[in-house]
Amino acid sequence: MAKVSFRNVWKKYGTTPAVKDLNIECPDGSFLSILGPSGCGKSSTMRMVAGLEHITAGQILFDEKPINTLAPKDRDVAMVFENYALYPHKSVFENMANPLKLRGQDATVIKDRVMAAAKLLEISQLLERRPQELSGGQKQRVAIGRAIVREPNLFLFDEPIAHLDAKLRAHMRGEIKHLQRTLGTTMIYVTHDQLEAMSMADTIAVMHEGELQQLGTPREVYNKPVNAWVAGFVGEPAMNFVDVGLQDKDGKTYFIHPNFSIAVTDQQQHIIAAAARVNALRMGVRPDAMSISLVKPKHECITGKIFVTELLGGDMIIDVDLDDGSRIRVKTSTDFDGVEGQTCYMTVNRDKWHAFSKENGKALF
Amino acid sequence: MASRDVVRYETPLSTAFKWLSAIFIAIYVVWTVLPIFIMFMSSFKDLLEAFKLPAVGDWGGIMVFFDFTPTTKHYYELFANLGFTTYLFNSLVAAGGSAVVSVVLGSLCAYSLSRIDFRGKSDLFFWIISTRMAPVVAVMVPLYWIFRELDLVGTLPGLILAYTTFNLPFAIWILKGFFDNVPYAIEEAQMVDGATRFQAFRAILPLVAPGIGAFIVLCILFAWNDYLFAAIIGSGGAKTLPAATRELVQPQNIQWGQIMAAGVVTTLPMMFLGLVIRKYLVTGLTMGAVKE
């Protein structure tokens, strides 16, 4: 088990940078998820940790020891690959025994360890089979089994459940998190699925175009996104963004828009005042930070026209058109009975809305 | 494999075509099998019996072909007096040796070409294949000169080297395709598991086994059936079966019986090899190694 540190790490393919100046500290025994869309550099980052890619610049350290020049076998990490990478000509037992065999363990030790891992993953009855006889979920368990038979410095999971069906994925999320807690080994988990990162990780590193956007707990990333990109990437349904103007009236600052004019809270007003000379912002509201009604409320609200309603079983998503051509989505209960084309009114929870700079997308609050 | 049932409907044309293809196959079987059959039968016949012919038009007389007293004297003559034991051994060593050398060097080279990117890689690969484009005869004279300067003419190592020269590009070409089909992630998994690069290479060899098997057969066939190299590079000290058989055609008389027997001795091992490795050969050349 080890603490992992990234110090100014760069990865370039030719002259194209894939990872730019990455700095992350991942404490011993914690669960770090690297989250980002495809091509954001998250897999390159993981492969640099595993030793499958050279580190162009900077340092990666395990317990303060640089590992830049160590071969993969000397780093003592265990990795689960996106497409499992099982050895097709070997049985499940031999697949799981491989890392121990390569380290010259005794046959009895190997057997005990593989059996224990197989029991933990509930694949004891599959040990004699070949990978091609297994289902996707079983292959994935074998791949995890191959990683946990030894006690490595850390686990690297590269989108291990991306190819499973939705139901199994939800199940495996819980299992992997539980596994990491049980074994207590440091884990780096790469994913493009914000739900996986949110639900499993202690810390999320959100990456975009090779740059670390935000490093924080799932709550921080969800509630206090540092910029509009993170705010839009994390959360499902995604955050609504509306361009608004600013207006001061009676000592209060208002967000103004053809469809609404709403005052910000006092605290938010101070933040806006401190950010000198802005007169336009991008407002961000999550679909669950608003309520929708067909009756015009007394307080300030957003007026719009219902574009479409979607029933999701337990709740409902309402798409609402605004006059400036933008469309926002609101989450509400299934009691809502508005129909397409109807005028509706949305009340915003002002403690949960966000404002981003229009120039660089940085969050003001 | 991608074969599957195709829906077909009977039309007069398709019926006619079915008959035509049946006739064609029948002719083809006779065409390919009959000479081998005659060779096999004749090798057990005395010279006089081998040339017994029925009168023209006498189809009943075809039974004359089967009317003989079997004799193994040609085989006895070959192995007891004409040194065919040595020639058989030479053939085996030359074919097997070049297959082993080609497969070892070829798989290392094919692996590198498949896994590592370097400048001029496609040019190098093309150059390797292009060495097979020139006919053997074209390079025979310079090759002979080189081999003579190196004292390799008439030696088994010389013959192995000569066959390897021609088999190696072929090995690289076939095996690269097989390595290309093995996902790189499998080696990466090996390396993370604790293997060195070379151990990882060895670990994926079973996955290209069909390719290696197929290649070994083709390589042995090439060397075994070769006459040109055997006659020129191998002449003298490293005589192989085809070269020795050729010498049975002498100016004063042609030893038909012995030639037939030598033909059987040359053909049988390859037919046997073909049977043993048939499965590999078919899957190896059509299927691309492994699916994930």
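**Helix packing and chain layout**

Helix 3 of chain A packs against helix 5 (residues 136-148) of chain A at an angle of about 30°, with the two axes 7 Å apart. Helix 3 of chain A is therefore roughly parallel to helix 5 of chain A, since angles under 35 degrees count as roughly parallel. The crossing of these two helices is right-handed. Helix 3 of chain A contributes A:Val92, A:Asn95, A:Met96, A:Asn98 and A:Pro99 to the contact, and helix 5 of chain A contributes A:Val142, A:Gly145 and A:Arg146. By class, the residues of this contact are four nonpolar, three polar and one charged. The model is a predicted one.

Helix 3 of chain A also meets helix 4 of chain A. The axes of helix 3 (residues 92-102) and helix 4 (residues 107-120) of chain A come within 10 Å and cross at roughly 125°. The two helices of chain A, helix 3 and helix 4, are therefore oblique to each other. Their crossing is right-handed. On the helix 3 side of chain A the residues are A:Phe93, A:Met96, A:Ala97, A:Leu100 and A:Lys101, and on the helix 4 side they are A:Ile110, A:Arg113, A:Val114, A:Ala117 and A:Ala118. This contact consists of eight nonpolar residues, no polar ones and two charged ones. A:Met96 takes part in the contact with helix 4 of chain A and is also listed in the contact with helix 5 of chain A.

Phi of A:Tyr84 is near 70°, a positive value in a residue other than glycine. A:Ala85 is not a glycine either, and has a positive phi of about 50°. Are these residues buried or exposed? A:Tyr84 has 25 other C-beta atoms within 10 Å and is buried. A:Ala85 counts as buried, with 26 C-beta neighbours inside 10 Å. The cut-off behind both calls is 20 or more other C-beta atoms within 10 Å.

Further along chain A, a cis peptide bond joins A:Glu236 and A:Pro237, with omega about 0°. A:Pro237 has its place in the loop between helix 9 (228-233) and strand 11 (240-249) of chain A. A:Asp266 lies in helix 10 (residues 266-274) of chain A. A:Asp266 is exposed, with 10 other C-beta atoms within 10 Å. A:Asp266 and A:Lys252 are 14 residues apart along the chain, and their C-alpha atoms are separated by 7.9 Å.

Taken as a whole, chain A has 10 helices and 20 strands. Its C-alpha atoms fill a box of roughly 80 × 45 × 35 Å along the principal axes. Of its 365 residues, 39% are buried. Among contacts in chain A with a separation of 6 or more, 65% are between residues 24 or more positions apart.

Chain B is built from 13 helices and zero strands. The radius of gyration of chain B is 24 Å, well over the 19 Å that the globule rule gives for 292 residues, so chain B is more spread out than a compact globule. The C-alpha trace of chain B spans about 75 × 65 × 35 Å along its principal axes. Buried residues account for 31% of the 292 residues in chain B. Of the contacts in chain B between residues at least 6 apart in sequence, 78% join residues at least 24 apart.

One helix pair illustrates packing in chain B. The axes of helix 4 (residues 84-115) and helix 10 (residues 209-225) of chain B come within 9 Å and cross at roughly 140°. Helix 4 and helix 10 of chain B are therefore oblique to each other, and the crossing is right-handed. Among the residues that meet are B:Ala94, B:Ser98 and B:Val103 in helix 4 of chain B and B:Phe215, B:Cys219 and B:Trp224 in helix 10 of chain B. The residues of this contact divide into 11 nonpolar, five polar and no charged.

Finally, the two chains touch. In chain B, 15 residues are in contact with 17 residues of chain A. The chain B side of this contact has 10 nonpolar, two polar and three charged residues.

Terms used:
Residues are numbered from 1 along each chain as its sequence is written. Chains are lettered from A and ligands numbered from 1 in the order in which they are written. This is a predicted model: local features need pLDDT of at least 70, side-chain atom pairs count only at pLDDT 80 or more; totals for chains, interfaces and linings use all residues. Helices (H or I, at least four residues) and strands (E, at least two) are DSSP runs, numbered from the N terminus. The radius of gyration is taken over C-alpha atoms; the globule rule is 2.2 Å times the number of residues to the power 0.38. A residue is buried if 20 or more other C-beta atoms lie within 10 Å of its own, exposed if 12 or fewer, and partly exposed in between; C-beta atoms are placed from the backbone. Two residues are in contact if their C-beta atoms, placed from the backbone, lie within 7 Å. Ala, Val, Leu, Ile, Met, Phe, Trp, Tyr, Cys and Pro count as nonpolar, Asp, Glu, Lys and Arg as charged, and the others, Gly among them, as polar. Axes are lines fitted to C-alpha atoms, for helices over the stretch in contact, and angles run from 0 to 180 degrees between N-to-C directions. Angles under 35 degrees count as roughly parallel, over 145 as roughly antiparallel, 65 to 115 as roughly perpendicular and the rest as oblique. A crossing is left-handed if the near helix is turned anticlockwise from the far one by less than a right angle, and right-handed if clockwise.
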